[in-house]
Amino acid sequence: LVAILLGDVGTMPSCKSYIVAEDPADTDTLWVTEVWDSAAFHKASMEIPAVKAAISKAMPLIASFGEHRELNVVGGHGL
């Protein structure tokens, strides 16, 4: 699953950050953190053929989705 999530999905316009992290307390849990210029750009990225293909490959490996939160980034290092 990690390899799929980190695979080349081409250009994702307006994606500022995309991080896949393993949870050291739970080996069955991955955290994906994304920063986008807007929700509209994130939604549009779901139509990129390479992204659609990656999602299609990943879904059978995902047991469930946990927390989902949308935040308004106000700054920080690395953006």
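## A tour from the pocket outwards

Start with the lining of the largest pocket: by class, you'll find 25 nonpolar, 11 polar and six charged residues there. (Asp, Glu, Lys and Arg count as charged; Ala, Val, Leu, Ile, Met, Phe, Trp, Tyr, Cys and Pro as nonpolar; the others, Gly among them, as polar.) A pocket is an open set of points on a 1 Å grid over the protein atoms alone, where a 1.4 Å probe fits, with protein on both sides within 12 Å along at least five of seven lines; lining residues have an atom within 4 Å of a point.

Before you click on, know that this is a predicted model, where local features need pLDDT of at least 70 and side-chain atom pairs 80 or more, while totals for chains, interfaces and linings use all residues. Residues are numbered from 1 along each chain, and side-chain values use heavy atoms, without hydrogens or water.

Stop 1: Which elements each supply at least two residues of the lining? Pick out helix H1 (2–6), strand E2 (26–36), helix H2 (39–45) and helix H3 (49–58). E2 gives the largest share, 10 residues.

**Stop 2: helix H3.** Select Val51, Ala54 and Ala58, the buried residues of H3. (Buried means under 20% relative accessible area, exposed over 50%, partly exposed in between, with a 1.4 Å probe and protein chains only.) Look down the axis of H3: these buried residues fall within an arc of 60°, going by directions from the axis to the C-beta atoms, so they line one face of the helix.

**Stop 3: two loops.** Is glutamate 47 buried or exposed? Find this residue in the loop between H2 and H3; glutamate 47 is exposed, at 55% relative accessible area. Then jump to glycine 10, in the loop between H1 and strand E1 (15–23), which is partly exposed at 46%. Show alanine 50 as well: its C-alpha atom is 6.5 Å from that of glycine 10, though the two are 40 residues apart along the chain.

**Last stop: zoom out.** The whole protein has three helices and two strands, running α-β-β-α-α from the N terminus. Its C-alpha trace spans about 30 × 30 × 20 Å along the principal axes, and 18% of its 79 residues are buried.

Terms used:
Helices (H or I, at least four residues) and strands (E, at least two) are DSSP runs, numbered from the N terminus.
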